[in-house]
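Trainee: Could you walk me through this structure? I am new to it and would like to begin with the terms I need.

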Amino acid sequence: MDISYIINELGEEREHYFNAVAPPIIQTSNFVYNKVEDLYKAFQDEMSGYLYSRGLNPTVDILRKKLAALDGAEDCLVFNNGAAATFAAVFANVNAGDHIVCVDKPYSWTQHMCNRILPRFGVTTTYIDGTSIENFERAILPNTSVIYLESPNSWDYKIQDLKAVSELAKSENIVTIIDNSYCSPLYQKPIDFGIDIVMQTATKYINGHSDTLGGILTGSHAMIKKIFDSEYMCIGSGTTPFNAWMMLRGLRTLQARFERITATTQKVLAWVKQHPKVEKVWFPLDESFPQYELAKKQMKGACGLFTIVLKAERMEQIVNFCESLQHLVMAVSWGGYESLALPKCAGIKPEHFKAEKEMHRSVRIYVGLEEADYLIKDIEQALEKMG
Ligand SMILES: *Cc1c(COP(=O)(O)O)cnc(C)c1O
């Protein structure tokens with residue numbers, strides 16, 4: 001399907017709402033029925049029509065159709081945020097006593113779920129270095145029901161061979177789930193490699209304006225229905241019509257923002273790489289990246305998120321750099337219009353800071369919609385003030 005068609009037209013039935021170009025926000029909790037028979041049908045299968053907005057809602061449905069098509073998936077659910085989407089995908093596919101194989105250092109709240117919540121239900125997790133398929137083979141147990149991937153992750157961008165992992169999982173009847181937030185469907189389509197469930201946070205690139213949270217699951221209709229009928233309805237973590245409308249609005253410019261951010265990132269990256277105070281950069285499509293060949297094979301691009309490792313002996317130098325930035329702002333998240341910097345040392349007790357660890361000297365940079373030179377000048381003056 002043509003991406004222009006998906007973004008501009010798919011799912012929009014303008015004749016149903018006065019030929020308005022922009023879709024309406026159907027801000028309703030419930031829907032009227034005239035016949036008991038129809039109500040009966042709706043009770044049997046809440047995914048068959050509009051009954052109550054904790055289930056389906058027409059504004060949310062436009063977004064669902066577009067997001068499913070972007071991933072090349074049969075169906076989609078949109079949640080209030082990415083963490084809720086992950087929670088529902090995993091919970092729908094584990095039973096008490098099951099085992100999960102998960103990549104090292106996944107997103108913090110994914111890790112919290114695996115370490116703190118799932119063990120209460122007897123579900124255990126083995127974390128592995130996902131850069132080699134042998135590590136997956138070794139970690140799988142007879143009770144493994146889910147393999148959880150994040151490729152690339154959002155700090156050092158380690159990736160997994162999606163085709164190899166999905167083939168292994170299929171041969172063992174294991175469900176594969178991937179956090180595809182870094183690439184978004186524009187730069188990676190995990191379903192094409194055989195992955196079962198694609199999760200992404202819509203808070204980042206999809207909404208794109210740092211003003212709404214959202215989370216997405218895509219997959220086969222059977223898998224999405226299984227999640228809808230149980231976790232989605234029960235937890236009530238679906239997105240609202242207003243937030244869905246915001247995401248539809250963000251989606252209109254997704255491709256244009258990606259092109260712009262990708263080009264700007266190349267310029268900023270090339271400049272920081274040659275700076276004497278920058279020891280190295282981590283970026284999956286940089287030639288220095290250890291898994292560059294695999295990244296090129298399964299990703300179409302890498303957009304605006306990369307990490308720099310500063311040459312510093314003291315934590316104070318990294319603090320100086322970050323606090324001297326005038327235009328890149330220090331904040332979590334990414335994928336919006338504004339450029340960001342996030343130092344790893346903000347999560348480390350100062351007495352535990354070790355300059356010999358690259359990770360401790362790393363600062364994650366997100367390139368937004370500003371001009372490349374504007375960002376380079378800002379980074380340049382902040383590097384000078386490092387000390
Ligand atoms: C932000 C993020 C999430 C969580 O998404 P929310 O919308 O904040 O709940 C999950 N994975 C990655 C890689 C993220 O960056």
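Mentor: Let us begin with burial. A residue counts as buried when its relative accessible area is under 20%, as exposed when it is over 50%, and as partly exposed in between. Please also keep in mind that this is a predicted model.

Trainee: Is S184 buried or exposed, then?

Mentor: S184 has a relative accessible area of 0%, which lies under 20%, so S184 is buried.

Trainee: And where is S184 placed?

Mentor: S184 belongs to helix α8, which covers residues 184-187. From the C-alpha of S184 to that of A341 the distance is 21 Å, and the two residues are 157 apart in sequence.

Trainee: Let us turn to the ligand. Which residues come nearest to the ligand?

Mentor: There are 13 residues around the ligand, and the nearest are G82, D179, T201, T203 and K204.

Trainee: What lies 2.8 Å from an oxygen atom of the ligand on the G82 side?

Mentor: In G82 a backbone N or O atom lies at that distance from a ligand oxygen. For T201, a polar side-chain atom is 2.8 Å from an oxygen atom of the ligand. T203 also uses its side chain, where an N or O atom is 2.6 Å from a ligand oxygen.

Trainee: How much of the ligand's accessible area does the protein cover?

Mentor: On its own the ligand has 380 Å² of accessible area, and the protein covers 92% of that.

Trainee: In which pocket does the ligand sit?

Mentor: The ligand sits in the largest pocket.

Trainee: What classes of residue make up the shell around the ligand?

Mentor: The shell has seven polar residues, four nonpolar and two charged.

Trainee: Moving to the backbone, which residues does a cis peptide bond join?

Mentor: The cis bond joins S151 and P152, with omega at about -10°. P152 is located in the loop between β4 (144-150) and α7 (162-171).

Trainee: Which residue has a positive phi of about 60°?

Mentor: That is N173, which is not a glycine. N173 lies in the loop between α7 and β5 (175-179). The relative accessible area of N173 is 72%, so N173 is exposed.

Trainee: What is the phi of C303?

Mentor: C303 has a positive phi as well, of about 50°, although C303 is not a glycine. The loop that holds C303 runs between α12 (292-298) and β9 (305-310). C303 has a relative accessible area of 1%, so C303 is buried.

Trainee: What does the side chain of Q274 reach?

Mentor: The side chain of Q274 reaches the backbone oxygen of W271, at 2.3 Å. Q274 is found in the loop between α11 (254-273) and β8 (278-282). With 49% relative accessibility, Q274 counts as partly exposed.

Trainee: One more topic: how far apart are the C-alpha atoms of M246 and G236?

Mentor: They are separated by 19 Å, and the two residues are ten apart along the chain. M246 is part of helix α10, residues 241-251, and at 16% relative accessibility M246 counts as buried.

Trainee: And what separates D38 from P24?

Mentor: Their C-alpha atoms are 25 Å apart, while along the chain D38 and P24 are 14 residues apart. D38 lies in helix α2, residues 36-44. D38 has a relative accessible area of 33%, so D38 is partly exposed.

Conventions
Residues numbered from 1 in each chain as written. Predicted model: local features only at pLDDT ≥ 70, side-chain atom pairs only at ≥ 80, totals over all residues. Heavy atoms only, no water. Near = heavy atom within 4 Å. Polar contact = N/O pair within 3.5 Å; in protein donor to acceptor, adjacent residues only side chain to side chain. Areas by Shrake-Rupley, 256 points an atom, 1.4 Å probe, with all protein chains shown as cover. 1 Å grid on protein atoms, 1.4 Å probe; cavity = no way out; pocket = protein on both sides within 12 Å on 5 of 7 lines; lining within 4 Å. Sits in = over half its atoms within 2 Å of the grid points. Nonpolar A, V, L, I, M, F, W, Y, C, P; charged D, E, K, R; others polar. Helix = DSSP H or I, 4+ residues; strand = E, 2+ residues; numbered from the N terminus. Buried < 20%, exposed > 50% of the residue type's maximum accessible area, 1.4 Å probe, protein only.
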